[in-house]
Amino acid sequence: MWSKLTVIGVVVGSAIIGIGATALIMHLGPITVTEEYTVLPGESVSYLIPAPEHTYQTMNIAGDRFNVTLSSPGDGLQIPNAEYRESAALEWTHAASGDTTIYIKNTGGSGLLINPVIVRSSDPIWIAFDFMVIISGIIIIGFSMGFAARRPKGF
């Protein structure tokens, strides 16, 4: 029969393994990111989007005036330093695996609203982190199972 400490350790370890496995499944393959940024007048922002081949990207930008420079890998969208007024809807597809570079500078008098919907490659560091979480759960279960083992006389 297991002691209370063993049961608690097995339950906690199993929960940690489940959390790590769920996160591992989420971090495999491309990740879709939807965000919203506000850039103050005179400030600039840059993006580096690593993405696999044939991923569709969109970015909506709204504000008084702004400059956009965009470069996508392969035969993707290439926009030299262009000035926009009011709004811009950028859409492109990665023709090859690689990084898209975007540089946006707010040259208007009001805030600039940037709303990207990007698909990016998963970062290998997160996969390694998920495996560490799973291994931690296994170690917790192992230690708690040690409490169920019979102890020799004298301990």
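The legends below describe close-up views of a predicted model. Local features require pLDDT of at least 70 and side-chain atom pairs count only at pLDDT 80 or more, whereas totals for chains, interfaces and linings use all residues. Residues are numbered from 1 along each chain as its sequence is written, and side-chain values use heavy atoms, with hydrogens and water left out.

**View 1. The largest nonpolar core has 18 residues.** A nonpolar core is a set of buried Ala, Val, Leu, Ile, Met, Phe, Trp, Tyr and Cys residues joined through side-chain atoms within 4.5 Å. Buried means under 20% relative accessible area, exposed over 50%, and partly exposed in between (1.4 Å probe, protein chains only). Met59, Ile61, Leu90, Ile102, Ile104 and Ile114 touch the most other members. At least two residues of this core come from each of β3 (44-51), β4 (56-71), β5 (78-93), β6 (98-106) and β7 (112-120). The strand that gives the most is β4, with five residues. Helices (H or I, at least four residues) and strands (E, at least two) are DSSP runs, numbered from the N terminus. In soluble globular proteins, nonpolar side chains tend to be buried together.

**View 2. Surroundings of Ile114.** Contact means heavy atoms within 4.5 Å. Leaving aside residues up to four places away in sequence, Ile114 touches Glu35, Glu36, Tyr37, Val39, Val45, Tyr47, Met59, Asn60, Ile61 and Ile104.

View 3. The 24 residues of α1 should span 34 Å at 1.5 Å a residue, and the end C-alpha atoms are 35 Å apart, which agrees. The expected span is 1.5 Å times one less than the number of residues. The buried residues of α1 are Thr6, Gly9, Val10, Gly13, Gly20, Ala23, Leu24 and His27, and they pack against β1 (31-34) and α2 (124-146). Not counting residues up to four places away in sequence, Thr6 touches Ser144, Met145, Phe147 and Ala148. Just after α1, Gly29 takes a positive phi of about 80 degrees.

**View 4. The salt bridge between Arg85 and Glu83.** A salt bridge is a side-chain nitrogen of Lys or Arg within 4 Å of a carboxyl oxygen of Asp or Glu. By this rule the count comes to one. The closest N and O atoms of Arg85 and Glu83 are 3.8 Å apart. Arg85 is exposed, at 54% relative accessible area, whereas Glu83 is partly exposed, at 48%.
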